[in-house]
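Here is my note on the model you sent over, as a handful of numbered points. Please read it with the structure open beside you.

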Amino acid sequence: MAERSELYVNRERMYAVTVDSEGIKYLEVVCGGIAMENVVVRLTAQEVSLYEARGAAFLDQLAARVAKRRDQFLGRIVP
């Protein structure tokens, strides 16, 4: 697993934006109820642009979508 550095952390909503050594950005979301897991989704170029334009408001919405419907992100989930 590649090392990633934190760019933004929202502890209240339990997610973070991280970046790897190649500059690829990820959204890491804590998901689950009894069995909690950290789901890491590689961000698309469009999502990065929206994050840069709208900031935390966009990330809050995206993190909630990942937590509720992670099946929509299966092709982009990384270990």
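1. The buried residues of helix H2 are Phe58, Leu59, Asp60, Leu62, Ala63 and Val66; buried means under 20% relative accessible area, exposed over 50%, and partly exposed in between, with a 1.4 Å probe and protein chains only. These buried residues pack against E1, E2, E3, E4 and H1. Helices (H or I, at least four residues) and strands (E, at least two) are DSSP runs, numbered from the N terminus.

2. Please keep in mind that this is a predicted model, in which local features need pLDDT of at least 70 and side-chain atom pairs count only at pLDDT 80 or more, while totals for chains, interfaces and linings use all residues. Residues are numbered from 1 along each chain as its sequence is written, and side-chain values use heavy atoms, with hydrogens and water left out.

3. Now for the helix pair. H1 (residues 45-54) and H2 (residues 56-68) pack at about 135 degrees, with their axes 6 Å apart; axes are lines fitted to C-alpha atoms, for helices over the stretch in contact, and angles run from 0 to 180 degrees between N-to-C directions. The two helices are therefore oblique to each other, as angles under 35 degrees count as roughly parallel, over 145 as roughly antiparallel, 65 to 115 as roughly perpendicular and the rest as oblique.

4. On the H1 side, Glu47, Leu50, Tyr51 and Arg54 meet Ala56, Ala57, Phe58, Leu59 and Leu62 of H2, where contact means heavy atoms within 4.5 Å. The residues of this contact divide into seven nonpolar, no polar and two charged.

5. The open sheet has five strands in the order E1-E2-E3-E4-E5, with antiparallel pairing; two strands pair if DSSP finds at least two bridges between them. E1 (4-10) and E5 (77-78) stand at the edges with a single partner strand each, so one side of each has no neighbour in the sheet. H2 packs on the sheet, touching E1, E2, E3 and E4 (37-42), and its direction makes about 55 degrees with that of E3.

6. Leaving aside neighbours within four places in sequence, asparagine 38 is in contact with Glu28, Val29 and Val30.

Methods
Nonpolar A, V, L, I, M, F, W, Y, C, P; charged D, E, K, R; others polar.
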